[in-house]
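Dear colleague,

Please find below the structure I am handing over to you.

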Amino acid sequence: MIIPTVEEAERELELARTLNPTPWVDHSRYVALAAKAIAARHPTLDADTGYVYGLLHDIGRREGWTDMRHALDGYTYMKNLGYESVAKICLTHSFPMEDDRRAETQPGQWDCSEAELAIVNDFMSRVVFDDYDRLLQLCDALGLSTGFCILEKRFVDIVLRYGFNDATIPRWKAFLELQAYFEQAIDCSIYSLLDGIAESTFGVAKA
Ligand SMILES: [Fe+2]
């Protein structure tokens, strides 16, 4: 598995910031910090690998403001650079339900062509998830652009922005199962590892 170094990933993210200077970059940084913190306590995951995946999971946003096509754009960009495992994360991070990977389960819109959507569905029907895929699915829901956030607050935020669909409740359950899965592996609450989460979730100043 070839992945960029932390320094290379930082450079990619900052280059992408110049192309699309919106809050997604800071979101990516918090996702990376969460992935690093959880991986560091995990018996088999590597902290720097989690961090690099976090920095680059939304790299498709370098192409400008898009909805779900950012996942495909990130996949294509990383694949062309030779980073297959990062490319995989760019797509899988949006699919927390391992047993239901249909593109239409997303709260967002697939703003791409039928042919491109077929590429997504074909890839997702064949890909085998590993614990990095699962880690980034979880951490994507823990990172805002301003800090960390408990899952339940994030759930409400997404529904307020996109509305409910048939997959909303199954997705919530999938995120909670991911939380339990990693908490069993690291033997502590994920929230205990996320600096400042109380302040960023509840909007209170640090004492
Ligand atoms: Fe993300």
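The chain contains ten helices and zero strands. Please bear in mind throughout that this is a predicted model. Read from the N terminus, the order of elements is α-α-α-α-α-α-α-α-α-α. The radius of gyration is 16 Å, close to the 17 Å that the globule rule gives for 207 residues, so the chain is as compact as a globular protein of that length. Along the principal axes, the C-alpha atoms occupy a box of roughly 50 × 40 × 35 Å.

Among contacts between residues at least 6 apart in sequence, 69% link residues that are at least 24 apart.

The largest nonpolar core comprises 50 residues, and the members that touch the most others are Ala34, Ala35, Leu56, Met78, Val86, Cys90 and Leu135. Two or more residues each are contributed to this core by α1 (6-19), α2 (24-41), α3 (47-56), α4 (69-80), α5 (84-92), α7 (131-140) and α9 (168-186). The largest share, eleven residues, is supplied by α2. In soluble globular proteins, nonpolar side chains tend to be buried together.

Once neighbours within four places in sequence are set aside, Leu135 is in contact with Ala35, Ile38, Ala39, Leu45, Gly50 and Phe182. One of these partners, Ala35, is itself among the core residues that touch the most other members.

Yours sincerely

Note on methods. Residues are numbered from 1 along each chain as its sequence is written. This is a predicted model: local features need pLDDT of at least 70, side-chain atom pairs count only at pLDDT 80 or more; totals for chains, interfaces and linings use all residues. Helices (H or I, at least four residues) and strands (E, at least two) are DSSP runs, numbered from the N terminus. The radius of gyration is taken over C-alpha atoms; the globule rule is 2.2 Å times the number of residues to the power 0.38. Two residues are in contact if their C-beta atoms, placed from the backbone, lie within 7 Å. A nonpolar core is a set of buried Ala, Val, Leu, Ile, Met, Phe, Trp, Tyr and Cys residues joined through C-beta atoms within 7 Å. A residue is buried if 20 or more other C-beta atoms lie within 10 Å of its own, exposed if 12 or fewer, and partly exposed in between; C-beta atoms are placed from the backbone.
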